[in-house]
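This report describes a single protein chain for a reader who is new to structural analysis. Please keep the sequence and the model at hand while reading.

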Amino acid sequence: ASLRASLRASLRASLRAFEVHGWRWHNMSLKESMKRLAYMCERCNEEGTEEYDVKDIVKSGAYAFDFNHDTLHSVETNIFKPWLTSALSSSPSSIHSVLSECWSRKSAINSHASTCKSLLSSLSKNRSVPSSLLALQKTCTTIASLIDSNIHDQDTVLVPSINAAATSSQQKRLNSRILKSLGITQARTHLSSMWEVVRHEPEEVELWKIKIPKVARIIAGSKSWEDKIGRMKEITPNSL
């Protein structure tokens, strides 16, 4: 028990020192998007339920992939991966092995995302295809599992390694580059989608209050931005 407590304390300290939490929270948000979409497919496929229809799923799929996944993929590919490769260039081979596994999972996620987009396109044209709903449900579940594995490696291995290799100032400059690439409106929208996930995790809420400026926190948590995210997903915020 004392060892577990010590490991948890070490992880908390590492996360407190870390500055690029948008990367972590975006992955968490994408995982929840996949779980939500899989749940919607399951409920839509169940006989006798009208909780969701295919139109809802297509709308939620556009949010999950065109908005959430594609933005994360673009930022990781064009900004974060080159920066991380350079920052960890002198790290032990064991760190590079974990990093390689994460990128391998990312590649699989992107491949599965393409499959899901094709399935969603088919569903938008023909709404009575149970096999497509089942395939979409299974693929989203697979993506969520892959992201979950990456989140574990990111928090336990990569975050401490980044802290050791890059100063707080260097990490903050990376944040600025990412925010600039997104633009104000898109950055705010993603921040609000991250808050949807973060607010259910007390330790993440603590980090949110420390790392996110007060004005940005107020905007992200405002009803107008919650409603905007809800409209993008075609569901009521907090309904799941």
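A residue is called buried when its relative accessible area is under 20%, exposed when it is over 50%, and partly exposed in between, using a 1.4 Å probe and protein chains only. By this rule His26, at 6% relative accessibility, counts as buried. The model is predicted, so local features need pLDDT of at least 70 and side-chain atom pairs count only at pLDDT 80 or more, while totals for chains, interfaces and linings use all residues. Residues are numbered from 1 along each chain as its sequence is written, and side-chain values use heavy atoms, leaving out hydrogens and water.

**Overall architecture**

The chain has 10 helices and 0 strands. Here helices (H or I, at least four residues) and strands (E, at least two) are DSSP runs, numbered from the N terminus. Of the 240 residues in the chain, 45% are buried.

His26 lies in helix H2 (residues 21-45). Its C-alpha is 9.3 Å in space from that of Thr71, although His26 and Thr71 are 45 residues apart in sequence. Ser74 belongs to helix H3 and is partly exposed at 34% relative accessibility. Ser74 and Ser181 are 107 residues apart in sequence, yet the distance from C-alpha to C-alpha is 9.9 Å.

| Residue | Relative accessibility | Class |
|---|---|---|
| Phe80 | 1% | buried |
| Trp83 | 16% | buried |
| His26 | 6% | buried |
| Ser74 | 34% | partly exposed |

**Aromatic contacts**

A pair of aromatic rings is described by the distance of the centres and the angle of the planes. Rings of Phe, Tyr and Trp (its six-membered ring) pair if their centres lie within 6.5 Å; planes under 30 degrees apart count as stacked, over 60 as edge-to-face and the rest as tilted. The structure holds 6 aromatic pairs. In one of them, the ring centres of Phe80 and Trp83 are 6.1 Å apart and the planes are at 25°, so the pair is stacked. Phe80 and Trp83 are 3 residues apart in helix H3 (residues 54-87), which means that about one helical turn separates them. Phe18, Trp23, Phe80 and Trp83 form one aromatic cluster.

Another contact involves a charge. The charged end of Lys81 sits over the ring of Trp103, 5.1 Å from its centre. This description requires NZ of Lys or CZ of Arg to be within 6 Å of the ring centre and within 35 degrees of the ring normal.

**Helix H7**

Helix H7 (residues 184-198) has 15 residues and reaches 20 Å from its first C-alpha to its last, close to the expected 21 Å. The expected span is 1.5 Å times one less than the number of residues. Because 11 of the 15 residues of H7 are buried, this helix is largely enclosed by the rest of the structure. Among the buried residues of H7 are His190, Met194 and Trp195.

**The largest cavity**

Which residues line the largest cavity? They are Leu30, His69, Leu72, His73, Glu76, Lys106, Ile109, Asn110 and Ile147. H3 and helix H4 (93-125) are the elements that give two or more residues to this lining. The largest share, 4 residues, comes from H3. On a 1 Å grid over the protein atoms alone, a cavity is a set of points where a 1.4 Å probe fits but cannot get out, and lining residues have an atom within 4 Å of a point.

Technical notes
1 Å grid on protein atoms, 1.4 Å probe; cavity = no way out; pocket = protein on both sides within 12 Å on 5 of 7 lines; lining within 4 Å.
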